[in-house]
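Have a look at the model first, then read on.

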Amino acid sequence: MVFSVIVQIFSLFFYTFASKICDMAAVNPYLQVDGLSFSVGDKVLFHDISFGIAEGQRIGLIAKNGTGKTTLLNLIAGREQPESGSIIFRRDLRVAYLEQTPHFPQEMTVLEACLWRCREEPRRIKEYLTKLHITDHDQPVAHLSGGQLKRVALANVLCQEPDLLILDEPTNHLDLQMIEWLENYLSRSSMTVLMVTHDRYFLDRICSVILELDDETLYTYRGNYAYYLEKRQERMDVANAELSRAKNLYRRELEWMRSTPQARSHKARYREEAFGALEQKAHSAVQEDAVSLTVNSTYIGSKIFEAEYVSKTFPAREDDEGSRERVILKDFYYNFSRYEKMGIVGANGTGKTTFIKLLLGLVKPDQGRFVVGETVRFGYFSQDSMPCDQQMRVIDAVRRVAEYVDLGGGRQLSAMQFLQHFLFSPLQQQNYIYKLSGGERRRLQLCTVLMQNPNFLILDEPTNDLDIPTLNILEDYLQQFRGCVIVVSHDRYFMDKVVDHLLVFQGEGHVKDFPGNYTQFREWEKEVAKSSSDENTRDSQPLSAQRKKERAPQGGRAAAGNAERPRKLTFKERREMEGLEAEMARLEEEKARLEEALCSGTLSVDELTEMSKRLPLLAQELDEKELRWLELSEIEG
């Protein structure tokens with residue numbers, strides 16, 4: 001045990017020393033932060049932190065909400081001044097800053113906002129506008145939605161062609177297509193980047209350095225997000241080992257300090273003086289962010305909801321000549337299953353949030369209807385802010401919802417205990433809501449939704465403004481949740497962990513039902529695009545060239561050419577497809593029987609255990625067969 005602790009401590013020392021050497025070896029430093037400190041009232045955000053940024057680095061900044069991420073970016077961008085310390089820039093360094101909530105003069109047009117603060121009209125302005133789907137260049141900024149404004153702000157910072165690009169939550173309010181474009185753009189660019197983001201795929205694929213702000217201290221990890229997770233765990237293990245050692249030593253010293261003065265008279269005085277520091281260290285806590293949370297959900301029957309041929313269209317705006325009607329749904333039918341976890345994706349403006357409001361009855365359909373089961377109890381985590389008095393204390397806002405939260409099995413949590421699971425310390429619970437950061441307010445809003453014990457959760461962009469520790473808690477909760485879930489989100493990592501299939505809103509009322517998570521959907525899209533491209537290549541060739549390929553003998557290049565031609569299912573594949581259809585029907589029947597039996601209340605403990613184990617295996621097997629059937633059906637065309 002002692003040897004293991006020594007090895008861990010040595011590893012941490014070597015890692016820290018190596019990081020310092022790398023900092024000193026930076027070829028072309030852009031800026032250096034030394035001894036930076038900042039407080040808000042009596043709360044210290046960070047104290048005496050130092051780090052450097054060198055040319056070409058892509059740095060991700062990670063911290064819990066309310067601990068100073070945005071403040072640190074504002075200090076570097078010159079929007080705020082530090083209490084102490086210095087930020088030294090390389091001479092003539094061009095810096096552009098994408099704020100979390102962009103602001104432009106309201107009288108500006110979209111094009112004027114894109115070129116705001118640019119030294120001269122950039123050469124690539126048209127490319128940025130096209131890639132970011134900014135088409136109406138004369139539209140006033142005041143008329144833009146949150147997603148449109150974020151894209152205009154992104155075009156603006158890219159048009160400035162900075163040496164150092166600072167991004168605060170760049171993926172917020174962007175749809176998945178825009179996020180993937182930005183990810184690819186930054187991956188190919190030689191631009192130096194400092195960013196705050198909760199998008200873990202984005203961090204992992206872009207960043208080469210992770211800075212973690214924790215307990216007023218800054219830690220540096222020289223790798224991507226996956227590397228950070230590994231090294232952070234090593235740091236926590238070392239810290240816990242040191243804490244355990246300090247507590248053991250503290251117990252021995254406490255016994256000595258409690259002994260009679262005569263027994264202590266021959267001891268060194270420095271030992272008494274060092275006791276205070278040892279006591280403080282022994283009582284310190286190494287806080288782990290990953291908290292397991294299980295909340296009891298109310299019973300939900302087999303009837304969830306059925307969308308019966310729903311249609312919804314928004315007419316063109318009368319005050320805008322360029323606008324046209326938007327078709328959200330067109331004769332849409334869907335029967336939602338019990339315990340289903342559905343993700344909804346699609347470009348901004350295709351109707352994702354409208355679909356949710358139709359389901360909740362907040363918006364009326366033009367035709368058709370939603371029939372909701374009697375046992376369904378919705379919990380809605382919307383994009384809108386929490387409707388409560390901002391002058392209330394955090395604990396009072398939660399107690400208005402419930403004094404206690406039912407965990408099932410006769411277990412309960414008080415409102416105060418439940419808030420601690422969501423990383424609100426007892427001291428923070430006494431804070432006023434208006435003093436919370438944007439992320440802390442979203443975390444509080446999520447807490448008030450979950451503590452009502454819903455059996456059908458609807459989460460509309462739940463990852464906006466939430467920090468990574470809170471997302472980990474939410475993901476674990478949803479994976480264990482014994483109810484139904486619908487998630488609208490642009491966070492690919494979150495979607496992959498939580499949902500088992502997707503509704504893809506493609507615009508103009510077209511909705512595709514895909515049996516899989518987001519990564520599987522993107523892989524399927526790429527395969528379809530590749531097949532379509534191969535077919536188009538063949539169709540674009542001169543007829544004489546096609547006939548030559550058709551007459552060419554098998555083998556060599558001719559065989560490769562024939563392989564590119566569209567094909568039909570083989571006899572074996574057709575038989576496989578027929579077998580899959582029969583097998584899927586059988587599995588669906590077994591799944592329905594299991595679900596009905598589990599809710600009957602007549603099973604013995606052994607039967608309940610056995611069926612509970614079988615159900616997730618059954619769902620996984622069904623998903624695999626559905627994916628294979630989908631692949632074969634695409635070939636069948």
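Which residue forms a salt bridge with Glu590? Arg614 does, with the closest N and O atoms 2.9 Å apart. A salt bridge here is a side-chain nitrogen of Lys or Arg within 4 Å of a carboxyl oxygen of Asp or Glu.

## Ground rules

This is a predicted model, where local features need pLDDT of at least 70, side-chain atom pairs count only at pLDDT 80 or more, and totals for chains, interfaces and linings use all residues. Residues are numbered from 1 along each chain as its sequence is written, and side-chain values use heavy atoms, leaving out hydrogens and water.

## Salt bridges

The whole structure has 25 salt bridges. Glu590 sits in helix α21 (residues 571–598) and Arg614 in helix α22 (residues 605–636), so their pair ties together parts 24 residues apart in sequence. Helices are DSSP runs (H or I, at least four residues), numbered from the N terminus. Glu590 is buried at 16% relative accessible area, while Arg614 is partly exposed at 27% (buried is under 20%, exposed over 50%, partly exposed in between, with a 1.4 Å probe and protein chains only).

Arg200 and Glu475 also pair up, at 2.5 Å from N to O. Arg200 is in helix α7 (residues 200–206) and Glu475 in helix α16, so this bridge links parts 275 residues apart in sequence. Arg200 is buried at 0%, and Glu475 is buried at 0% too.

## Helix α16 again

In α16, Thr470, Leu474 and Tyr477 meet Arg443, Leu446 and Leu450 of α15 (contact means heavy atoms within 4.5 Å).

Conventions: Helix = DSSP H or I, 4+ residues; strand = E, 2+ residues; numbered from the N terminus.
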